[in-house]
Amino acid sequence: MSEPESLSELSDEYRASIPSDLRDHHDFTWYLEQLYDEPRIARSAHQRVADMFDYYGTEYDEDAGLVEYKLASEDPVADGENTFYGRVIHESIHEFVNKVKSGARGLGPQKRIKLLLGPVGSGKSDFDRQVRRYFEDYTRREAGRMYTFRWTNLCDVIPDQDPADDTVRSPMNQDPLVLVPEGQRRTILDDVNEILDAPYTIRNEQSLDPASEFYMDRLLAYYDDDLETVLENHVEIVRLVADENMRQAVETFEPKDKKNQDETELTGDVNYSKIAIYGESDPRAFDYSGAFCNANRGLFSGEELLKLQREFLYDFLHATQEQTIKPKNNPRIDIDQVIVGRTNMPEYRDKKGDEKMEAFNDRTKRIDFPYVLSYEDEAMIYRKMLRNADLPDISVEPHTLEMAGLFGVLTRVEEPDASNVDLLQKAKAYNGESESDEVDVRKLREEGDAAAEISEGMDGVSPRFIGDEIAEAIMDSMHRDRSFLSPLATFTHLEENLENHGSIPEDRFDTYYRYLELVREEYRERAIEDVRHALAYDVEEIRRQGEKYMDHVMAYIDDDTVEDEITGREQEPDETFLRSVEEKLELPRDRKDDFRQEVANWVSRRAREGESFDPQDNDRLRRALERKLWEDKKHNINFSALVASGEMSEDERSAWIEALIDQGYSRDGAREVLEFAGAEVAKSEMEE
């Protein structure tokens with residue numbers, strides 16, 4: 001047991017997580033010096049968010065032309081707790097970041113809403129949340145520094161200033177540069193952009209917010225337009241960090257009932273407690289608590305954005321295109337923020353077809369967030385769910401999560417047009433399992449996108465539904481004193497609850513039941529394969545058969561002879577033996593030459609690299625040899641004995657169970673799969 005941390009240690013750990021200058025204040029001259037030393041402190045919101053994605057690390061897949069951002073693929077801040085799986089999700093993230101980076105360069109997307117569109121449970125909300133969390137973390141680091149200012153000693157100059165407002169923080173958390181008139185500001189920016197090492201230019205054409213404009217005007221009048229004295233006597237520079245809980249540079253906005261929501265929640269409203277002091281038209285009597293105000297300098301997140309009434313969405317027109325907001329009782333206010341919206345398919349279809357929403361639709365950049373289309377990546381989502389939960393002491397058996405993921409993927413992919421590829425083969429191809437060069441995954445994806453309403457993967461069963469059923473199956477196994485979760489138990493829960501899930505349309509039930517049967521059959525083959533491996537696996541025999549296969553292949557390719565193992569005489573390559581191996585991969589005769597050349601090239605490549613031949617290192621060849629070995633031995637195995645424990649010795653059964661445990665099964669799970677596969681093989685042999 002580890003020693004508990006002391007209060008002193010906890011305090012030191014907390015202090016180390018806080019920026020060292022968070023409580024400090026500086027004069028404006030200090031800020032100018034910092035700006036000339038590191039111009040990035042004056043970045044726009046788009047520029048800061050763009051740099052944030054690169055800061056945590058990237059990996060570039062040249063073949064796919066895809067950048068994976070480690071903030072999503074590895075989640076370094078939370079030690080991998082919130083990682084994202086699947087190429088399609090990383091394609092979406094790549095597209096999102098590209099739009100932010102385009103906005104950072106002033107190419108247009110800085111004036112658009114980034115609209116994350118996808119079905120329920122596709123990861124768009126999780127990604128949006130991840131971006132907000134990382135933005136908070138980034139602004140606490142040296143690389144993400146940003147500053148704002150506060151007015152001080154106002155009562156010394158402004159006679160009617162409320163003593164409670166003697167010190168007033170910039171209500172919009174604006175960058176201190178806005179304190180410099182635009183003409184002089186351009187001179188500063190020209191200087192700092194010359195030394196800036198970045199793919200963008202620092203710009204700032206904002207006006208002071210109305211309250212700050214009021215203070216600046218009064219102070220300049222008092223000091224006879226001496227800007228230096230105003231800044232020295234009445235301005236302090238302070239560190240700004242993003243904090244969603246404090247509604248500071250990060251804000252979320254949710255639709256509510258029409259009677260309980262109005263536009264002031266976005267743009268701010270009159271501060272009624274100050275009206276009696278300043279009067280209704282005084283900018284000091286305005287409450288800058290609207291969502292757009294709170295999000296300034298950072299991120300605005302609109303949850304279920306298209307569920308907002310049309311009148312609310314009009315406020316986004318100025319917020320995006322003009323980068324201003326116009327409250328009812330206040331002058332316009334400049335804003336600087338990355339506006340992200342999330343929406344599901346029904347709302348998107350509704351708004352897309354509404355001619356009155358044309359202007360709003362024109363100001364959005366849609367980023368599709370489809371479901372994962374690789375079932376192994378889908379299994380990683382469920383594995384993450386289990387890893388982050390207080391999982392009972394239960395073993396999740398091999399293939400359980402993968403087969404659940406395969407069912408999910410089958411509901412999401414479009415039926416293929418190609419006559420040589422069925423739906424299951426397409427799902428396997430998307431998982432990188434295609435055994436035929438004739439299967440063009442890129443073409444399948446293009447055809448799938450063309451057949452879908454928007455794009456492939458935007459419809460189907462949600463990972464949430466499957467994850468919920470996995471959780472139910474785990475609890476049911478616990479109640480029945482089963483120490484393991486198998487695919488068979490998971491299939492039962494999926495089938496029993498399919499019609500109880502509200503997001504699955506009734507007209508899809510029969511189709512989804514058919515997909516479940518496909519998955520059951522796929523699992524049947526895998527279970528039998530595992531049992532084959534356990535009952536008949538012989539490493540030395542596979543190596544010997546592999547060497548024999550390669551000897552005959554090389555003789556075939558070189559039009560040469562091979563020495564007979566028994567007589568020692570030279571003979572032609574044994575075509576019957578070669579085909580007995582290749583047929584285990586369902587390789588047609590007209591494709592044999594391609595496969596043989598492929599394997600020969602692989603062996604030659606390994607030889608050049610100084611590595612010896614081992615059939616275990618080539619998945620397709622290994623699988624073919626294992627299946628051939630099984631065919632050679634299966635007639636000596638009593639499959640009915642696998643089901644009836646009394647028909648075999650306990651030592652024999654234990655040896656087989658141990659072999660399955662070596663493949664990752666629990667002891668009880670091994671017993672189940674042994675009996676299941678034995679029954680299936682025995683049944684097949686009876687039918688034959």
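How far apart do the C-alpha centres of domain 1 and domain 2 lie? The C-alpha centres of these two domains lie 26 Å apart.

## Basis of the model

This is a predicted model, in which local features need pLDDT of at least 70 and side-chain atom pairs count only at pLDDT 80 or more, while totals for chains, interfaces and linings use all residues. Residues are numbered from 1 along each chain as its sequence is written, and side-chain values use heavy atoms, with hydrogens and water left out.

## Domains and their interface

The protein chain is divided into domain 1 (42-142), domain 2 (375-398 + 405-517) and domain 3 (546-618). These bounds come from an automatic or database domain assignment.

Between domain 1 and domain 2, 14 residues of domain 1 are in contact with 13 residues of domain 2, where contact means heavy atoms within 4.5 Å. Domain 1 and domain 2 bury about 1,100 Å² between them, and 53% of that is on carbon and sulfur atoms. Buried area here is the accessible area (1.4 Å probe) that two parts lose on being put together, summed over both.

The count between domain 1 and domain 2 is one salt bridge, a term for a side-chain nitrogen of Lys or Arg within 4 Å of a carboxyl oxygen of Asp or Glu. Four residue pairs in polar contact are found across the interface of domain 1 and domain 2, both residues at pLDDT 80 or more. Helix α5 (residues 87-104) supplies the largest share of the side of domain 1 that touches domain 2, three residues. A polar contact is a pair of N or O atoms within 3.5 Å; within protein, one must be able to donate a hydrogen and the other to accept it, and residues adjacent in sequence count only if both atoms are side-chain atoms.

## Salt bridges

A search of the whole structure finds 61 salt bridges. One of them pairs Lys274 with Asp165, whose closest N and O atoms are 3.1 Å apart. Lys274 lies in helix α11 (residues 272-278) and Asp165 in the loop between β5 (147-151) and β6 (168-169), so this pair ties together parts that are 109 residues apart in sequence. Helices (H or I, at least four residues) and strands (E, at least two) are DSSP runs, numbered from the N terminus. Lys274 counts as buried at 14% relative accessibility, and Asp165 counts as buried at 13%. Buried means under 20% relative accessible area, exposed over 50%, and partly exposed in between (1.4 Å probe, protein chains only).

Glu575 forms a salt bridge with Lys592, with the closest N and O atoms 2.9 Å apart. Glu575 belongs to helix α24 (residues 575-582) and Lys592 to helix α25 (residues 592-608), so the pair ties together parts that are 17 residues apart in sequence. Glu575 is partly exposed, with a relative accessible area of 23%, whereas Lys592 is buried at 14%. Within helix α22 (residues 509-536), Arg524 and Glu521 are three residues apart, which is about one helical turn. Their salt bridge has its closest N and O atoms 3.4 Å apart. Arg524 is buried at 14%, and Glu521 is partly exposed at 40%. A network of salt bridges links Asp128, Arg132, Arg133, Glu136, Glu244, Glu303 and Arg342.

## Two buried residues

Ser486 lies in the loop between β17 (484-485) and α21 (487-497). Ser486 counts as buried, at 2% relative accessibility. Leaving aside its neighbours within four places in sequence, Ser486 is in contact with Glu397, Thr400 and Glu672. The side chains of Ser486 and Glu672 are joined by a polar contact of 2.9 Å.

His26 is found in strand β1 (residues 25-26). With a relative accessible area of 18%, His26 is buried. Not counting residues up to four places away in sequence, His26 touches Asp21, Val235, Glu236 and Ile237. His26 and Met475 are 449 residues apart in sequence and 58 Å apart in space, C-alpha to C-alpha.

## Helix α26

Helix α26 (residues 619-633) has 15 residues and reaches 21 Å from its first C-alpha to its last, close to the 21 Å expected at 1.5 Å a residue. The expected span is 1.5 Å times one less than the number of residues in the helix. Buried residues in α26 include Arg620, Glu626, Lys628 and Trp630.
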